[in-house]
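Here is a short briefing to read alongside the model. Keep the viewer open and follow each topic in turn.

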Amino acid sequence: MSTYISAENLGHSFHDNWLFKNLTIGINRGRRVALVGVNGAGKTTLLKILSGSLKPTEGKVAQARDLNVGYLEQDPFFKNAVTISDYIFHADNIQQQLIRRYEELLENDPENMKEMDKVMEEMSEIDAWEYEYKIKTILGRLDIHHLNQHINTLSGGQKKRLALAKLLIEDPEIYILDEPTNHLDIDTIEWLEKLLTEGSKTILMVTHDRYFLDNVCNEILEIDRGKIIPYIGNYGYYLEKKAEREASDDATFQKNSNLLRKELEWMRRQPKARGTKSKSRIDAFYDLEAKTKDRGGKENVELSVKVSRQGNKIMEMHHISKGFNGNTYIKDFSYTFKKADRIGLAGKNGSGKSTLLNLITDGLQPDSGEIIKGETTVIGYFNQAGLSFKEDERVIDIVKNVAEFITMADGKLISASALLTLFLFPPVKQYGMVSKLSGGEKKRLHLMSILIKNPNFLILDEPTNDLDIDTLNVLEEFLTNFPGILIMVSHDRYLLDKLTDQLFIMEDEGKVLIYNGNYTSYRLELEEAKQLNKKTTPAPAQTQAEAPKKTKLSFKEEKEYEGLEKEIADIEDKLKETADALNTTDIDPKDLTKLTDKITYLNKQLDAKTARWIELGELKEA
């Protein structure tokens with residue numbers, strides 16, 4: 001099996017603090033590997049080093065000759081690209097430049113028929129229609145539509161999706177992905193899972209999404225205290241084996257500690273100048289001391305704060321509606337919150353989830369309807385934007401600005417410094433500046449500053465972004481035992497399944513569907529209904545009353561209709577050529593699979609384009 005990337009004796013430090021040392025890693029073709037570890041372990045740094053975008057402090061990285069590496073950063077950099085087209089399409093790729101010209105004509109100058117015909121003819125000559133279909137599918141699934149939009153006008157989530165789209169279009173030999181599911185809705189994550197597991201893609205990624213990790217990766221590398229520990233298997237297997245290893249480590253640690261005490265007594269008894277002291281025993285002592293020192297007790301985040309008393313009246317929403325710029329996001333929605341409600345918000349990006357949360361938290365006022373909040377209701381809102389921390393502010397001052405002393409769940413008062421220590425902020429970080437914290441540490445500080453206000457109505461908007469899996473496990477334990485109201489928006493299906501038992505589904509035209517059950521149950525019911533509908537729904541009769549429908553094609557649709565006729569003819573020609581090649585008597589067995597796969601792909605394309613051609617034709621004739 002060919003090795004794509006190999007690294008020997010890697011070490012990297014920031015400000016004289018070593019993240020890891022002496023790491024040796026090899027990524028072979030066809031492996032799908034997840035890199036896991038706590039915040040600050042060096043996962044993102046290691047991805048940068050292996051991708052070639054960062055030089056290690058120590059060691060070396062070797063890549064296979066002419067290897068095409070695709071690297072998705074947490075915060076993508078767009079170099080000199082001004083528009084989406086500049087970034088997506090390579091100047092030296094003839095197919096891409098023709099597709100770019102075709103798409104820009106459709107969007108900006110569809111009446112330029114002479115230029116349109118010329119570009120379409122050139123695309124047919126170089127066989128670019130399949131590639132155009134692939135690009136359009138990827139951009140559409142990632143909600144990227146206006147190719148002439150300037151990149152500096154995009155939100156952080158849109159920029160991440162744009163960088164992911166470029167990577168998927170290029171289809172590199174190895175995908176190096178840093179949190180690829182951030183800013184994607186659940187439908188898109190499930191589509192991405194299928195895409196990444198097709199064929200024999202080579203993947204190295206960091207993700208906190210456990211379902212995604214479990215479904216995509218078949219190997220896990222854990223960074224633990226500067227070392228790499230491999231696990232061959234999915235996430236469930238990793239958890240099982242990690243628990244066994246840690247139990248063994250605990251037993252070894254106790255044994256080493258006892259032995260160290262005895263060895264320490266022996267070392268102290270020996271006169272410093274005595275030449276008969278055993279050198280091998282001295283070396284063994286220092287080795288044992290290092291092992292025991294490194295192991296130590298693993299600290300955990302401890303989330304345990306008081307929850308304000310909740311009265312009988314929590315919050316009532318009566319016939320709420322809200323819209324922006326002519327679009328309705330919530331229409332005539334009513335709900336009365338009950339004690340111990342645990343609600344997940346689901347829906348596509350832009351469907352109105354954040355709008356609903358802002359109505360609940362009084363950040364927005366409804367266009368119509370009424371929201372009545374109970375007098376004892378204390379809302380804690382953990383939103384995507386996070387707190388606007390001042391970078392030159394000390395970490396401890398963030399907490400002291402809320403309270404000098406905090407009441408814990410057992411009624412005890414503890415200082416701001418003691419609480420920070422429980423949240424894994426040691427004194428050196430407490431008195432350091434916010435600018436020195438990682439993204440995950442800032443999220444943890446934000447969450448902590450919300451919890452110390454003792455909320456009984458907790459709202460979490462995408463809480464999992466930038467948090468490591470270990471911290472997520474502790475957060476889940478806290479939320480499982482949280483006695484107040486919980487509302488959560490998350491693309492993490494695992495988290496929704498574990499923590500919620502009711503869903504608000506944000507649907508089209510402002511409808512909010514209330515579903516009793518978790519996300520997996522909802523998706524299973526949808527799938528079952530879809531299959532049942534396929535079997536039992538007859539074709540609608542011509543006399544059946546139908547909703548009013550558009551009866552005239554726009555100029556853009558007219559050009560699409562004409563283009564589809566040529567595309568369908570081209571696909572049919574390719575199908576015939578491929579079928580003829582398959583029917584030859586002297587076919588190479590190696591080519592047999594390729595040809596049958598191509599026929600399957602072409603048939604799928606033909607079905608999709610024919611369906612669209614029929615749809616536009618019916619509108620044209622109506």
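Predicted model: local features only at pLDDT ≥ 70, side-chain atom pairs only at ≥ 80, totals over all residues.

The protein chain as a whole holds 20 helices and 20 strands, and 45% of its 622 residues count as buried. Among contacts between residues at least 6 apart in sequence, 68% join residues at least 24 apart.

**The six-stranded sheet**

- β6 and β7 belong to an open sheet of six strands, ordered β5-β6-β7-β3-β8-β9, and the pairing in this sheet is mixed.
- At the edges are β5 (69–72) and β9 (227–232), each of which pairs on one side only.
- From one strand to the next, the twist averages 15°.
- Helix α1 (residues 43–51) packs on this sheet and touches β3 (32–36), β5, β6, β7, β8 (219–224) and β9. The direction of α1 makes about 155° with that of β6.
- Helix α6 (residues 156–170) lies across β5 and β6, and runs at about 165° to β5.

- Is β8 mostly covered or mostly open? The strand is mostly covered, since six of its six residues are buried.
- In a regular strand, side chains alternate between the two faces of the sheet. In β8, Glu219, Leu221 and Ile223 point one way, while Ile220, Glu222 and Asp224 point the other way, and all of them are buried.
- On one side, β8 pairs with β3 in the parallel sense over four bridges, and Ala34 stands opposite Ile220 of β8.
- With β9, β8 pairs in the antiparallel sense over six bridges. Here the bridge partner of Glu222 is Ile229 in β9.
- The hairpin of β8 and β9 has two residues between the strands, and Arg225 in this hairpin takes a positive phi near 55°.

**Helices α3 and α4**

- Two packed helices are described by the angle between their axes and the distance between the axes.
- Helix α3 (residues 94–108) packs with helix α4 (residues 113–125) at an angle of about 150°, and their axes are 10 Å apart. That angle makes α3 roughly antiparallel to α4, because angles over 145 degrees fall in this class.
- The crossing of α3 past α4 is left-handed.
- From α3, the contact uses Leu98, Ile99, Arg101, Tyr102, Leu105 and Leu106; from α4, it uses Glu115, Met116, Val119, Met120, Glu122 and Met123.
- By class, the residues of this contact of α3 with α4 are nine nonpolar, no polar and three charged.

**Helices α5 and α6**

- α6, the helix that lies across β5 and β6, also has a helical partner: the axes of α6 and helix α5 (residues 129–141) come within 10 Å and cross at roughly 155°.
- The two helices α5 and α6 are therefore roughly antiparallel to each other.
- In this case α5 passes α6 in a right-handed crossing.
- Tyr131, Lys134, Ile135, Ile138 and Leu139 of α5 make the contact with Ala165, Leu168 and Ile169 of α6.
- The contact of α5 with α6 divides into seven nonpolar residues, no polar ones and one charged.

**Single residues worth a look**

- Most residues other than glycine have a negative phi. His319, although not a glycine, has a positive phi of about 50°.
- His319 sits in strand β10 (residues 315–324), and it counts as partly exposed because its relative accessibility is 49%.
- Ala340 is partly exposed, with a relative accessible area of 49%.
- Val428 has its place in helix α14 (residues 427–430). At 67% relative accessibility, Val428 counts as exposed, because the class begins over 50%.
- Val428 and Val395 are 33 residues apart along the chain, and their C-alpha atoms are separated by 10.0 Å.

Technical notes: Residues numbered from 1 in each chain as written. Heavy atoms only, no water. Pairing = 2+ DSSP bridges. Axes fitted to C-alpha atoms, helices over the stretch in contact; angles between N-to-C directions. Contact = heavy atoms within 4.5 Å. Parallel < 35°, antiparallel > 145°, perpendicular 65-115°, else oblique. Left-handed = near helix turned anticlockwise from the far one by under 90°. Nonpolar A, V, L, I, M, F, W, Y, C, P; charged D, E, K, R; others polar. Buried < 20%, exposed > 50% of the residue type's maximum accessible area, 1.4 Å probe, protein only.
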